[in-house]
Amino acid sequence: MESIKQTAQSVVDSFNAETAPNAPSNSGTLPGPNAFPVHSQREEGKAVGIQDEMGKDPVTLKQEGQDGYELYKAAGKLVGKKAIVTGGDSGIGRAAAVMFAMEGADVAVVYLPEEEVDAKETERLILKNGRECILLPQDIRDEQGCNRVIETVVQRWGRIDILVNNASVMYDTPSITDISTEQFDRTMKTNIYGTFFLTRAAVPHMPKGSSIIVTASQVAYAGPPSLLDYAMTKGAQVTMVRCLSNQLLSKGIRVNAVAPGPVWTPLQESAMDKNTLKEWHQNPAPIGRIGQPSELGPAYVFLASSDGSFISGQTIHVNGGAIVSG
């Protein structure tokens with residue numbers, strides 16, 4: 001992790017040295033590394049992050065006086081589509097869900113019961129765009145619960161055109177000897193079992209032209225030492241995307257992944273203590289800052305729509321300029 005951070009910082013330093021002395025440290029109006037108060041939900045004992053309780057809400061590329069997402073220009077790419085987004089209550093999941101609605105899709109949002117306040121805000125944004133929203137509080141570690149999610153959506157809408165497996169948990173833990181069996185079990189069952197359970201149940205109800213999208217991560221390629229169990233699950237997800245794509249192409253279903261870099265979501269506040277979170281903010285992506293969820297949403301729209309009709313088995317890296325293989 002340190003080598004990655006040092007490489008990223010050297011790129012940023014080089015960029016700043018070539019920039020005019022009075023130029024801002026980051027482009028546009030998005031926040032730089034010093035813009036965020038140090039606030040850790042992990043130190044408050046929370047197993048999952050709540051966006052409504054974050055020290056600073058993620059920016060949604062909004063203009064003054066607006067309530068978010070207005071700078072995204074929708075073009076009716078998903079009119080009439082039916083989508084499921086896990087972890088759609090906040091962060092990247094919310095961005096994908098809202099932009100799907102802006103493009104004309106109805107969206108079912110899967111989230112943990114304790115994330116209800118965030119899920120209600122996602123629902124408000126979807127309804128604001130004139131689309132239907134189904135809120136489904138469900139821990140995706142539960143196999144039967146995952147089956148009920150799919151059954152509920154199919155009973156309501158008759159099919160599933162888009163499945164976004166986005167829900168994950170992450171815990172920053174410096175040593176393998178400090179990873180408890182409980183933590184390992186929760187990480188594996190949320191990130192791998194949940195993704196598998198929902199996908200297995202959804203596929204029979206996905207018509208030709210459907211799209212499955214998994215939120216992987218650049219950590220699957222970079223191998224940060226303090227995210228061992230989380231990175232293991234993200235590597236497994238990348239492999240799943242490749243295998244499942246080869247399995248489902250004959251059915252006309254495309255399978256892809258999005259691999260975010262450092263993005264400001266509730267996942268970080270729930271994963272890191274204050275010191276680690278402060279260090280994370282001070283070591284942004286090569287582009288010179290931490291990413292925002294609304295910068296990830298368009299990648300999901302692209303892969304879900306006919307714009308991505310010739311893409312399957314691939315991973316799109318939206319990581320602020322970090323060069324990774326695969």
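**Nonpolar cores and helix packing in the predicted model**

Phe100 and Tyr300 touch the most other members of the largest nonpolar core, which has 33 residues. A nonpolar core is here a set of buried Ala, Val, Leu, Ile, Met, Phe, Trp, Tyr and Cys residues joined through side-chain atoms within 4.5 Å; buried means under 20% relative accessible area (1.4 Å probe, protein chains only). Two or more residues of this core come from each of strand S1 (82-86), helix H2 (91-102), strand S2 (106-111), helix H3 (116-128), strand S3 (133-137), strand S4 (162-165) and helix H10 (297-304). The most is given by H2, with 8 residues. Another core, of 31 residues, lies apart from it and includes Ile134, Val154, Ile160 and Val255.

The model is predicted; local features need pLDDT of at least 70 and side-chain atom pairs count only at pLDDT 80 or more, whereas totals for chains, interfaces and linings use all residues. Residues are numbered from 1 along each chain as its sequence is written, and side-chain values use heavy atoms, with hydrogens and water left out.

The secondary structure of the protein chain comes to 10 helices and 7 strands, taken as DSSP runs (helices H or I, at least four residues; strands E, at least two) and numbered from the N terminus. Of the 326 residues of the chain, 54% count as buried. Among contacts (heavy atoms within 4.5 Å) between residues at least 6 apart in sequence, 78% join residues at least 24 apart.

In H10, 6 of the 8 residues are buried, namely Gly297, Ala299, Tyr300, Val301, Leu303 and Ala304. The cover over these buried residues includes H2, S4, strand S5 (211-215), strand S6 (254-260) and strand S7 (315-318). Leaving aside residues up to four places away in sequence, Tyr300 touches Ile92, Ala96, Phe100, Val164, Asn166, Ile213, Thr215 and Val258.

H2 and H3 pack with their axes 9 Å apart and at an angle of about 20°; axes are lines fitted to C-alpha atoms, for helices over the stretch in contact, and angles run from 0 to 180 degrees between N-to-C directions. The two helices are therefore roughly parallel to each other, a class for angles under 35 degrees. Their crossing is right-handed, that is, the near helix is turned clockwise from the far one by less than a right angle. Arg94, Ala97, Val98 and Ala101 of H2 meet Asp118, Glu121, Thr122, Leu125 and Ile126 of H3.

Helix H5 (residues 181-202) packs against helix H7 (residues 228-248) at about 15°, with an axis separation of 9 Å, which makes H5 roughly parallel to H7. The crossing of H5 and H7 is right-handed. On the H5 side, the contact includes Phe184, Met188, Ile192 and Phe196, and on the H7 side Tyr230, Met232, Met240 and Leu244 are among the residues involved.

The axes of helix H4 (residues 143-157) and H5 come within 9 Å and cross at roughly 40°. H4 is therefore oblique to H5, and the crossing of H4 and H5 is right-handed. The contact is made by Glu143, Cys146, Asn147, Val149 and Ile150 of H4 together with Gly194, Phe197, Leu198, Arg200, Ala201 and Ala202 of H5.

Definitions and conventions. Parallel < 35°, antiparallel > 145°, perpendicular 65-115°, else oblique. Buried < 20%, exposed > 50% of the residue type's maximum accessible area, 1.4 Å probe, protein only.
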